[in-house]
Amino acid sequence: MSSSEYTPHPVRLTLGRSLLALLALALWFAVYLQLEPFSRLLSYDLLGLSPKSRSGAALQFFLYDTPKVLMLLALIVYGVGIIRSFFTPEKTRAILAGKSEAVGNVLAALLGIVTPFCSCSAVPLFIGFVTAGVPLGVTFSFLISAPMVNEIALVLLYGLLGWKVAALYLGTGLMVAIVAGWVIGRLGMEQHIESWVMEIRTSAETEPEKLITWEDRFRAGREAVVEIVGKVWIYVIAGIAVGAGIHGYVPEGALAAIMGKGAWWSVPVAVLIGVPMYSNAAGIVPVVHALLEKGAALGTVLAFMMSVIALSLPEMVILRKVLRPTLIAVFVGVVASGIILVGYLFNFII
Amino acid sequence: MDIKVLGPGCAKCSEAEKIMAAAVKEAGAEATIEKISDFQQIAKHGVFSTPAVVIDGQIKCVGKVPSKAEALAWLKK
């Protein structure tokens, strides 16, 4: 990398650049549409496996799903990377400070999707929000939504389980974040924040806005693809391999008795098991896929997924530095209850 | 020069620290690098997305790992 790359010069979206971007997008679609016929050609014609055989079905499933999910992931992560360059935690805080509670909860949950967030930043972010006058409940709406509702979870759900499941997850994930944050706000738990947090001087002055060019935004998109796809591809492949095996070999309905709709206790049990566990979306969606194929009910499985991603033991330990145990218990209790309700709702309506 | 890398200790934070160390070496600058992982200290700098780099009390970047070229540019001034 040369240092000249960083001399700030505003790059406009020229005609040439736009055409290039469109061309790249068209190419992406052309390749994407060929994935299925290509996987059939490879497994059935070139390798000579029968579409009706178990190994044939499993291989074709794997050869189709892997590039499909990885391509979707790359495209979405690139797009989200560019969108995120418009939203910094500083701007999000400025938007949320001084908002009334109900509106604030909704905005916070929505901003949680697009604001860059790393779970290790949860505590500094919590301090930054609360000391700047963002209500406690609104801060929680953000902290619940940011890890749980994200582009990786949505792409994997869409790629492996279809757009309906992805949309349901998006809608109910936001719902849990909004309602749980609102409830925590109503409980008036402010005195359960560690006292040193409130004593920190609020540096209301934000850093001078640096000039961000389109070049920087596109670079942010590219960096996001390299970073995220580079990190999760192994989970995706492993998960799809497991899914392919199940697709070809395991009889349907194997799990129906213990994780099916009929077992009313399966939702709370799934959430209780999921709360201490920690995994990112990339690791959990393939498991979800496998459970569903074996006959587990959608509500039970989504509740499990939400509790694994949204609540985890390491996060509680880290939040203990700013929150007293009562507030942590309330946070876990309210979010877990919300997730259990979502699980029952799905099992009831689908 | 007094360089502080703020971050609770995630992978990105140690990466930021490594890049700053490499940049200092490359520029041959006289600087001390300090890693700050205490939340109270981080918050006192007015930073709430990590990793962040502070040079001589001035916040240079927040919420991302700087590139080496950026780091070198900060050291020059």
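**Figure 1. The contact between chain B and chain A in the predicted model.** The contact draws 22 residues from chain B and 21 residues from chain A, two residues being counted as in contact if their C-beta atoms, placed from the backbone, lie within 7 Å. On the side of chain B that touches chain A, the elements that give two or more residues are helix H2 (39–44), strand E4 (58–62) and helix H3 (68–76) of chain B; helices (H or I, at least four residues) and strands (E, at least two) are DSSP runs, numbered from the N terminus. Sorted by class, this side of chain B has twelve nonpolar, six polar and four charged residues, where Ala, Val, Leu, Ile, Met, Phe, Trp, Tyr, Cys and Pro count as nonpolar, Asp, Glu, Lys and Arg as charged, and the others, Gly among them, as polar. For the complex, the predictor gives an ipTM of 0.78 and a pTM of 0.82. This is a predicted model, in which local features need pLDDT of at least 70 and side-chain atom pairs count only at pLDDT 80 or more, while totals for chains, interfaces and linings use all residues. Residues are numbered from 1 along each chain as its sequence is written, and chains are lettered from A and ligands numbered from 1 in the order in which they are written.

**Figure 2. The fold of chain B.** Chain B has three helices and four strands, and from the N terminus on its elements follow the order β-α-β-α-β-β-α. The radius of gyration of chain B is 11 Å, close to the 11 Å that the globule rule gives for 77 residues, so chain B is as compact as a globular protein of that length; the radius is taken over C-alpha atoms, and the rule is 2.2 Å times the number of residues to the power 0.38. Of the 77 residues of chain B, 44% count as buried, a residue being buried if 20 or more other C-beta atoms lie within 10 Å of its own, exposed if 12 or fewer, and partly exposed in between, with C-beta atoms placed from the backbone. Among the contacts in chain B with a separation of 6 or more, 66% are between residues 24 or more positions apart. The mean pLDDT of chain B is 85, and 99% of its residues reach 70 or more, pLDDT being the predictor's confidence in each residue, from 0 to 100.

**Figure 3. Two backbone features in loops of chain B.** The peptide bond from Thr50(B) to Pro51(B) is cis, with omega near -5 degrees, and Pro51(B) is found in the loop between H2 and strand E3 (52–55) of chain B. In the loop between E3 and E4 of chain B lies Asp56(B), which has a positive phi of about 50 degrees although it is not a glycine. Asp56(B) is exposed, with 12 other C-beta atoms within 10 Å.

Figure 4. Chain A comes to 16 helices and zero strands. The largest nonpolar core has 122 residues, and those with the most contacts inside it are Leu156(A), Leu157(A), Val301(A), Ala303(A), Met306(A) and Val335(A); such a core is a set of buried Ala, Val, Leu, Ile, Met, Phe, Trp, Tyr and Cys residues joined through C-beta atoms within 7 Å. Helix H8 (residues 163–186) of chain A gives the most to this core, with eleven residues. Leaving aside residues up to four places away in sequence, Val335(A) touches Ile144(A), Val176(A), Ala180(A), Ala310(A) and Leu311(A). The 24 residues of H8(A) should span 34 Å at 1.5 Å a residue, and its end C-alpha atoms are 34 Å apart, which agrees; the expected span is 1.5 Å times one less than the number of residues. Just after H8(A), Gly188(A) takes a positive phi of about 60 degrees.

**Figure 5. Glu315(A) and its surroundings.** Glu315(A) is placed in helix H15 (residues 313–319) of chain A and counts as buried, with 20 C-beta neighbours inside 10 Å. The C-alpha atoms of Glu315(A) and Pro276(A) are separated by 9.4 Å, although these residues are 39 residues apart along the chain.

**Figure 6. Confidence along chain A.** The mean pLDDT of chain A is 83, and 91% of its residues reach 70 or more. Among the elements of chain A, helix H11 (residues 256–259) has the lowest mean pLDDT (72) and H8(A) the highest (94). Over residues 1–10 of chain A pLDDT stays under 50, and for this stretch the model has 14 contacts beyond four places in sequence.
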